[in-house]
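Dear colleague,

Please find the structure below, handed over for your records.

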Amino acid sequence: GDPVKLLVFGAPEELGAYRTLIDAYQRARSGERVQLIEASDRKDLLARLATSVAGGAPPDLFLMNYRFYGQFAAKGVVEPLDERIAASSVLDPADYYPVAMEAFRWGGAQLCLPQNVSSLAVYYNRTLFTRYGVPEPQAGWTWNDLVATATLMTRDDRGLVIKGTEAEGAARLPAVHGLGVEPSIIRLAPLVWSNGGEIVDDPERPTRLTLDSPAAREVLRNLVDLRQAYGVVPSDAEVEAEDDESRFLNGRLGMLMTSRRATTNFRTITGFEWDVAPLPVYQQPVGVLHSDAYCLTRGSRNKDAAWRFMEYAMDEEGQRIIAATGRTVPSHIQVSRSQAFLDPDQPPRNSQVFLDAIPTVRALPTVSTWPEIEDLSYGILENAMHRGDKLDDVIRELDVKSRPMFARGEHG
Amino acid sequence: MTDGLVLDGVSAAYRDTAVLHEVDLSVSRGELLVVLGPSGAGKSTVLRVVAGLEPVTAGRVRIADRDVTDERPGRRNVSMVFQSYALFPHLTVVENIAFGLEVRDTPRRLARERARAAAETVGCAGLLDRRPGQLSGGERQRVALARALVREPDVFLLDEPLSNLDLALRAEMRAELRALHDRIGATMVHVTHDQTEALVLADRIAVLRDGRVEQVGTPDEIWRAPASTFVARFVGSPAMNLLPADGPLRPRDDAPTLGEEPLEIGFRPEAVALDATEGTPATVDRVEVIGEDAFAYLSLAAGHQVVARVPAARRPERGAAVRLDVRWADAHLFHAATGRRYQP
Amino acid sequence: MTDGLVLDGVSAAYRDTAVLHEVDLSVSRGELLVVLGPSGAGKSTVLRVVAGLEPVTAGRVRIADRDVTDERPGRRNVSMVFQSYALFPHLTVVENIAFGLEVRDTPRRLARERARAAAETVGCAGLLDRRPGQLSGGERQRVALARALVREPDVFLLDEPLSNLDLALRAEMRAELRALHDRIGATMVHVTHDQTEALVLADRIAVLRDGRVEQVGTPDEIWRAPASTFVARFVGSPAMNLLPADGPLRPRDDAPTLGEEPLEIGFRPEAVALDATEGTPATVDRVEVIGEDAFAYLSLAAGHQVVARVPAARRPERGAAVRLDVRWADAHLFHAATGRRYQP
Amino acid sequence: MPPLLLLVSGSLTEPGLPPSPTPQLVPDPLSTTGYERALDLGGLLRASLNSVLVAVVAVPLSVLVASLAGFALTRIAPRATAVVVAASLVALMVPATALLVPRFAIFRLLGLTDTLVPLIAPALLGTSPLYVLVYYLAFRALPADLYDACLVEDLSPLRTWWRVALPLVRPVTAGLTALTFVLTWSNFLDPLIYVYDRDLFTLPLALRSLSLLDPTNFPVFLAGAVIATVPALVVFALAQRRFLHHDDRPEG
Amino acid sequence: MLTPYLVGLVGLVLVPALVTLGLSVTHYDLLRPPTWAGLDNFAALLEDPIFRVALLNSVVFALVAVPLRVLLALGLALLLHRRARGVGTARTAALLPTAVPEIAYGLLWLWLFNPLYGPINQLLRAGGEHGLTALGRTPPQWLTDPTSARAGIILMSLFTMGETFVVLLAARRALPRDVYEMAAIEDATGWDVFRRITLPLMAPVLALLAVRDAVASLHFTFVPAFVVTDGGPPPYATTYLSLFVYQTGFEYLRYGYAAAATLVMMLLTVAAVLVQWRLIRRYRRFFQV
Ligand SMILES: Nc1ncnc2c1ncn2[C@@H]1O[C@H](COP(=O)(O)OP(=O)(O)OP(=O)(O)O)[C@@H](O)[C@H]1O
Ligand SMILES: Nc1ncnc2c1ncn2[C@@H]1O[C@H](COP(=O)(O)OP(=O)(O)OP(=O)(O)O)[C@@H](O)[C@H]1O
Ligand SMILES: [Mg+2]
Ligand SMILES: [Mg+2]
C-alpha cells in the first residue's frame, strides 16, 4: 500500500535526523514504508497540513508542538489514541513523563504522543566566563544574579565592561552581550510562574492574559529592563543583524535563554566551551514545557501502519535515535536517563539540568487560538523591550487585543 | 452563360456608414472588369466584399456560379492585391510570393520555382531574398502583384496594383496582366484610378460613384456614350467640357432634334477646334504643355470655361483671342436636371 | 543665387547596398523640382536624405543656404509626404494635419483652423474626425498631403503624393500644388512616376536612374532634348521609338550631317505619320484605343517595332498594311554605343 | 546589477565565519564551501532537475496557450472577446492565496497531488492571464490587411497564427517566454502546497529550507540562490538576444 | 484555440476563486465543514485592527509603488528600445533582478538590508564614523523601523519591474517606424513625441500594465513580507493584505474570515481598476485604431 506520510518541519539538520529515524525503521521492519514530508518551518507545515486536510488528503502523521496542536485537536482532525495505546504491546504510558503526556490530552483523550519533554535553560559560554573571571551560573540562582552576571559579561572590544544602553549612537557598541532572550510569552511564562503569578486567568479555560498582576508585572518590568535599563541584551537592530543563536555561536553572547532545541546547532561549536544552567528563580523554580508530539490524523487511510511507525518512534529505539541528535530531551523516561541523552562526551556536560527541570515544568494553556496570541504578544513585547513602550500601555494592549482571540478559542 | 462573378444587389457598410448601395455587377468568366471611380467611391470595398473580407448587408455574391455570400474568404478561391500591399514583413520576397502556394500544400520546391517565375514576370527577380522593409514602394507593389499572380484562382482582385509604378513599367505590367488574362482566361476585377489603364486593359469598365454603379460598359461605350455627366467628366483628362446646351457654344453643323427640358452639352478637349475662323470667341487663360500635346484653358465671353487640346507645336499664347468650334458628332447631350444622358 | 536646396555629390546606402551615387542637384528657392525615375531608382531615398532620415555616405546637403548635412531632421525645416503616408493611426484626420503645427507650439485653436483649411484644400474636409484606419487609400493620401501643406517649411518633400488619386482629383490637386507653390514661393521636391504630373507641374525635372542623375532640365528640355535614350524612352508613353539611324526607317526630308559612328534615331509615337502614301511599309500588329487617341503597334519589314499615335476615329485595322513617315524635325539622334544624345 | 554582484560575492564567502563588519566585494578567504554545502544540504541538484523538468514542459506549453488564446481573441466576435478579456482581468485580481485550497481539492480529485502536474498546470492559463492579454494587444496591433491577406489565402486561423502572427510578434514571444520561465522557475507557493515528496521538490522549496539555516551560514544560502538564479539568467540572456536581433516589423 | 486557456481560466482560477469567495459567508477553518456565517466575517473585519492596518499598508504601497514601477519601466523601455552600444547590457541589467527566483530575491534583500552587516548600510556608513553615515545620521534601520521597512519593501519591488519593462519594450518596438520619422521631420521634441505618439499608441498596453500592477501589488508584497520582514517591524508595519490573508487563512485557520478579507481586497481592486479605467477612458478611443 501507500507509504505512511509523516509531516515534519525543521532546519536541514533536523530533517536529517528524521530521515535517519525512518531509515532505521524501514530497515528494522521490512515491508513498512514511511515517507517524510518536509516543511521548512512551522508556517509552511501549518499551510500544508490545513490545505491537505481541507483537500481531503491529509498526511497520516504529523509532528506538532503542544502550543499549536490545539487548533487541530479542537477541530477533530486528530485521531484519539487511547484504544491503540491500550492495545499496544509496545507502548506503556507509564514509561513517559506525565507532564508531556498530559499536554496532549484533549477533552480527556490522549490525542498525540509526545516525542520529547524539553524545557527552557540558560546556555552559557564557559570560555568567556573564564576569560572575564565571572562566576558561572549556579542552580538556584536568582533573577538578580542573572542580571548581575549579564552586566559583567557585557564587554566592549577591549574586554571592558560596558553598558549597552549608552552605546546607542555613542562611541562603542558592546562586542559581547551578556544575555540573549527573546521577549516572548513563552520566555516570560516560567518567570511569571516562578514569581507566583499566572499568565492567564484560568489555565484550563483561559479568557484573558493576566500580565497586570503585580507578580507578572514585576517579571515583565525586569525583562524589559534588560534592554532598557541595563543594556545587556542586544538591541533590535543587532538582533535583526544577527540573531541570538548565531551571536552565541560566534562567541559574542555570554548567555542565551533558549530550549534544548539549540543544542544540535551548538554542538558544531569548536572555538569555545559551553554549558547549560537552569533558569533563574524568583520564588520557586518553575520550568516551561517544550514538547512535540506525533499525531495521527483522523482522515488517514493508513492508520494501522502509521500507528506501527508511531510505536517505533516512541519506543526506546526510536527515542534514542532522535535523542542522539541532541535536539530533544526524550519523553521516554528511561531513554532520557541513558547515555543516549546524557552522553558526557557530547556538550553540554550538564544535560542533567533539563532532567532536573522536568518535575517543575508547567505547560502553557492549550487553546486553539494560541498561535495568534503568541504572534500578537511577541510583537507587542518586542516593542516594549526595544522601544521602551510604557509598561501600562503594553499590558493593556496585550489584554485588549488578545481577548477576542481567547474568546474565539476552543479548549480541550 | 457561365458567370465569373456576380454581385446581386450588394450593399455594404462600415459600422453605420453605408458604403455600397445595391451594387449589381456581373463579370463573365474570363472577362477583365475594371472598376473606376473617384477616391472614396467604394472601389476597394467592392473587392473586399467579393473576397469576403466585409460582410454584405444585403444582396448575394456569386463566384463561378457558386453562391459564396456566406462562404469564408478562403473558400472563395480568389486572389487579391491589397491597396496597401499587405506583404508579410517577416518573409522574404520569394517567401511572400510562394506563401499562397505553400499554405495550399504545393511542394516547397515547386512553389519556390513558381514564385521565382512570377517575380520574373513583374520584374523583381533580383530582390527575392529581401524583406519588404528593404524595398521601394514600387518594388513592394510588384511583389504584391506577383503574390496574386502566382496562383490560379477563380477571380483575381487587383486593387490599384500598378499605382506606384512608373509609366514604362506600368505599360509593361499592363501588357503582362493582359497577356496573363488572355493566357489563362482568368476572371479579373481590377480597381484603378488610371483611366488609361482602364481603357487599355478592360473588357468592360464599371464606373462607381458614392457606392453606386454609375455605368458599366466597354471602354468604347464609356468613352463614346457616357451615361451621365459624372462618367463623362470622370473619364478623360482634362475632363469633358460641359456647357448649357442653349448656351454660349453651340456646334454649328446640323443640330439633332432636341426636347423641351434643359440640356447640357458636353464635348471633350480633343473635340475642340481652335483654329476656326468662325465660331465662339474666347481668350486663352493658361496653357499646359504635355509632350506633344498642349491643353489650352479658355474662357468664353459668358464666363464659362472650356479646355481644348491642341498640338504643342501650334499652341496659342496665353491671353490670345481665339475662336473655337465643335461638331455635333463629338458632342454629348445630358439632362441638366439629372445629369443622365439624353436619348433623343 | 539663393538656393532652396542643394545636393552636392551625395551618396547614400542601405547597409551595404549603395543606392545613390554622387547625386548633384540644386533647386533654387521657390522652384518646383520633380524627380522622375523608374521604380527603385532611388527617388524616395533622395527625399529621405534631404529630410535627414538617411545619413549620406558622402557629399553635403544644403537647405536655404545652410549646410544641414549633420543636422537632425527636425532642424531642417522641411515637410514631407511619405510614400506610405505615415499617418498617426491614433489621431483623427484633423489631429494628424495639425500635428506639425501643434508640436511647434501653434495655439491649438489656430492649428486646428489651419488644419481644417488644409483639409478643405485637398478635399477631405468631411473626414476630419475619422481615423486613418477608416479611410480609403486615396483619402489617406490626401490627409498626408494636407499635413505637409499646412506648414510653411523651407522645402516641401512630396513622395508620390498623388499616386492613389483618380485623374480628376489628381488634376485638381496638381493645380492646388502649383497654386500653393506660386502663392508662397515654396521650394518643392516632388517625386512622381507620372510624367503628365511631371510635365505639367515641374519648373525643372530631374530624371534619376539607378541612383544617378541622368538629366536635369525644364519639362520642355526633357521632352524635346532628352539627354539619353533612357530619358527619351522613360518620358513619354508609349515610349519613344528607337531604330538604328541607318536602318529601316529614315525621315525623307533633308538629313542633317551625321558623323561616322553608329547612331540611333528616335521619334515619338506622336511624330509618326501613318497615312503617308510614300514611306516605309509596315503592318499593324495591334491597336490600343485610349479615348480619342489610338496607338498602333507596327512591325517594319526588318523586324523592328514602331508605335504610332493616330486619332481613334481614323485608326487602322489590325493586320492592315500601312506606310509610315517621320520628319527630321521630330527625330532625335543618339550615340548607339553610349545612348547619349548626338550633338552634330 | 550591484545586488547580483553582492549575491555572488556573498556566496563565495566561507560559511560559519562571523559577519564581516566592513564591506567586502571580494571575500577573503574565497571559498566554495557554500556551494558544496548548499548542494549537500538542500538537495539542490535534485531540485534543479525537477525545476528544469517543470520549466521544460510548462514554459513552451504556457507560451503556446497564451499566444493561441491571445490570437483567438483577435479573431472571435468582439463581444466574446470582451467577455474573455474581462474574465482575464478578474482572474488577474484573484490573489494566489485564494486559490490554493480549492485547487488542492481539484488536483486531489484528479489524483494529481504529489506529482509535478500541479506545478505545470498554470501553463494552461498561460501562467498569467496578463500574458494572454499582452499577446492579444500585440496581435491586434498588426495591420488588419495582413490578416485579410491570410483569409484570402484560405489559411486556417491556426496556420495564420503560426505562419504570420507569431513570427511578427517575436519580440513579445521572446519577452514573455523569459517571463514565463522566471515565474515558473520561482513558483514557490504551489510546490509548497501540492508537493510532498522531497524528490519532487523544486528549487524555491529547496531554497526555502536553506533559508532557515542560521545567519552565519548565509553563504550557503546565497550559494543556493546563485544556483537558482543562473538558469533564469541564461534564459533571459537568450531571450534578450532574440529581442535585439529581431528587426522586421510591419512597415508602412 | 481558446479552449485550453478557457479551461485553465475557469478551472484553475475562476471556479476556485468563486469557491473561496463563497466561503467568505461561512465559518470555515479548513478542518471542519463550513457553517453558515452570513455577514459575520465582514462585520468582524470592520472591527479588526490588524486588518485595518494591513489594508492601509496595502493601499499606501499600491499608491506609491505602482506608479513608480510603471514609470521606471516605461522610462527604461523608451531609453533602451533602440539598438545601440551597451543597450543590450543595460537591458539585461534591468531585467536581472526579475530573473532571481522570488524566494531567493527576498532572502537576498534580507541580507542586503541587514542593519549592521548588510551591504547597503555598510555602504551608507562608508566615510562616516561610529556607525553613522557620512552625513552624521544613523543609517536606515531597514528591518526595525516601520517607515524604513515599508520603504525597503517598495525598493525591493521597484527592481522587479522587469516584467513590465519587457512588455513595454516589446510594445514600443512594435510601433511603426515611419510614424516616428514623420515626427522627427516635424521636429517634435522628445516630450511631444512621447506625449502625442508614444504614449497614446502604447496606451492600451500601459493601461493593462497599470491595472495589472495595481492588482498585483497585493501580490508583490507577499514574498517580501513573508520572507524578509515577516510582517514586522511590530506591530504590523509590513503586514499587507496578502500576508494578512495568508496568516489568517493558513496559520490561524480562519479560512472563511480570510476569504472575506480576500473578497474585500478584490472589491477594492475592482474599484481601483474602475477608477483607473475612467482615468484612461480618454485614451479608449485609441483602442479602436
Ligand atoms: N531599407 C532598405 N534596405 C535595403 N535596400 C533598400 C531599402 N530601402 C530601399 N532600398 C533599395 O534602394 C533602392 C532605391 O529605393 P527607393 O525607395 O529610393 O526607390 P524609389 O525610387 O522611391 O522607388 P519607387 O518608385 O518604387 O518608390 C531600391 O532598389 C530599393 O530596393
Ligand atoms: N474601416 C472603415 N470605417 C469607416 N469608413 C470606412 C472604412 N474604410 C473605408 N471607409 C469609407 O468608405 C468609403 C469607401 O472606401 P473605399 O476604401 O472602398 O474607397 P475606394 O474607392 O477604394 O477609394 P480609394 O481610391 O481612395 O482607395 C470611403 O468614404 C471611406 O472613407
Ligand atoms: Mg481603395
Ligand atoms: Mg519610393
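Rings of Phe, Tyr and Trp (its six-membered ring) are taken to pair if their centres lie within 6.5 Å, with planes under 30 degrees apart counted as stacked, over 60 as edge-to-face and the rest as tilted. This is a predicted model, in which local features need pLDDT of at least 70 and side-chain atom pairs count only at pLDDT 80 or more, while totals for chains, interfaces and linings use all residues. Residues are numbered from 1 along each chain as its sequence is written, chains are lettered from A and ligands numbered from 1 in the order in which they are written, and side-chain values use heavy atoms, leaving out hydrogens and water.

One aromatic cluster is formed by Tyr123(A), Phe248(A), Phe266(A), Phe272(A), Trp274(A) and Phe354(A). Over all chains, the count comes to 33 aromatic pairs. One of them joins Tyr66(A) and Phe104(A), which is edge-to-face because the ring centres are 6.3 Å apart and the planes stand at 80°. Tyr66(A) is buried (under 20% relative accessible area; exposed is over 50%, partly exposed in between; 1.4 Å probe, protein chains only), with a value of 0%. Phe104(A) is likewise buried, at 0%.

Charges also sit over rings (NZ of Lys or CZ of Arg within 6 Å of the ring centre and within 35 degrees of the ring normal). Arg155(A) lies over the face of Tyr132(A), 4.1 Å from the ring centre, and the charged end of Arg268(B) is over the ring of Trp223(B), 3.7 Å from its centre.

Yours sincerely
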